[in-house]
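Subject: Structure handover

Hi,

Here is the structure we talked about. My notes follow below it.

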Amino acid sequence: MQVDSFPMPLSESTYFILLSLASGPKHGYAVLKDTSELSAGRISLSVSTLYTALGRLQEQQLIERVEPLAEEPAPGLPRKVYRLTRPGQKAPDAEVQRLKKLLSAYRQQLGTESA
Amino acid sequence: MNIRLHPWVKLIVRLFKLSLQFYPHMLRQNYAAEMQAVFRFKAEEAALKGSRSLFTLAYCEARDLPIAIISEYYHAMRGHMKIIFPFTSDQTPWQAALLSLLPFLIAGPLRIIISYQPGWRSADSSFNYFWFLLFSFLLVLAGFGIGILKNSRAGLIPILFSWHSASISLLFTQISSSNGTSDWSTIFSYISC
């Protein structure tokens, strides 16, 4: 399924990467930390997986790599940061809407509110 | 963070740097330095927590690395194929599909026409073989025709039709000549026997 030129559904790691970048531009290491925190430790991305995902997201034009605007990163960390593009800002919302529809269908079919 | 505290960090970072050589050139060019820096930072942080944490990091990376490398090569190959065959997508346009079939559609009849000689019989001249040929011919022709009509390439129909008519009539001639006659009723009686 393709919504607004980005692939749906988003994988869980992609969703958390986008969610991490929703609060502002970040470098790779900060994204790694964020994904782990946002998923309550359930998702722990390796560096290779993270950069494979970042590469794909850049290709899909959901994120872009830019020079940091204000503050310098910690010594040893890359200077370039990633930030969401306009479609990238919409992607997590679209994913949430999709999941809501699934949940709604589930509730409708099973007639329960506890799900 | 002090990297000298943990000699294993140096080794693991070096191994990681080495493993980056296995990635496709494009990814290496774009991200290798960044990946190395992030991994080094992560390794130093893990080393401060203890050896176990450091080895867990190394294990997770070693586990994910081959998958990431294969995935990158596959992705790079797909990207390359899309450059060579720009129509290769989930919804292949009819023109591309038809064009890809064209060599086969030409090669089959061409082979029959070139190798045809009066009285010639193929190695397998059983009735099943004939029906198979006829069925395949009609199937291909129908598919080709629908494809062309969908794209309004009506101009190609007579050419393809005559091409295949030529090959199928040669097939009939082959059967009839083996029977010493070219009468259509004889051909059909020959087939139905």
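Helix 1 of chain A passes helix 4 of chain A in a left-handed crossing (the near helix is turned anticlockwise from the far one by less than a right angle). The contact (C-beta atoms, placed from the backbone, within 7 Å) is made by A:Tyr15, A:Leu18, A:Leu19 and A:Ala22 of helix 1 and A:Gly88, A:Ala91, A:Pro92 and A:Glu95 of helix 4. The two pack at about 125°, axes 9 Å apart. That makes helix 1 of chain A oblique to helix 4 of chain A (angles under 35 degrees count as roughly parallel, over 145 as roughly antiparallel, 65 to 115 as roughly perpendicular, the rest as oblique).

This is a predicted model: local features need pLDDT of at least 70, side-chain atom pairs count only at pLDDT 80 or more, and totals for chains, interfaces and linings use all residues. Residues are numbered from 1 along each chain as its sequence is written, with chains lettered from A and ligands numbered from 1 in the order written.

A:Leu21 also sits in helix 1 (residues 12–22) of chain A. A:Leu21 counts as buried because it has 25 C-beta neighbours inside 10 Å (buried means 20 or more other C-beta atoms within 10 Å, exposed 12 or fewer, partly exposed in between). Its contacts beyond four places in sequence include A:Val31, A:Ile63 and A:Tyr82.

Now chain B. In helix 1, B:Val9, B:Ile12, B:Val13 and B:Phe16 are buried. They fall within an arc of 100° seen down the axis, so they line one face (the arc is that of directions from the helix axis to the C-beta atoms). On the other side, B:Pro7, B:Leu11, B:Arg14 and B:Leu18 are exposed.

Best wishes

Key
Helices (H or I, at least four residues) and strands (E, at least two) are DSSP runs, numbered from the N terminus. Two residues are in contact if their C-beta atoms, placed from the backbone, lie within 7 Å. Axes are lines fitted to C-alpha atoms, for helices over the stretch in contact, and angles run from 0 to 180 degrees between N-to-C directions.
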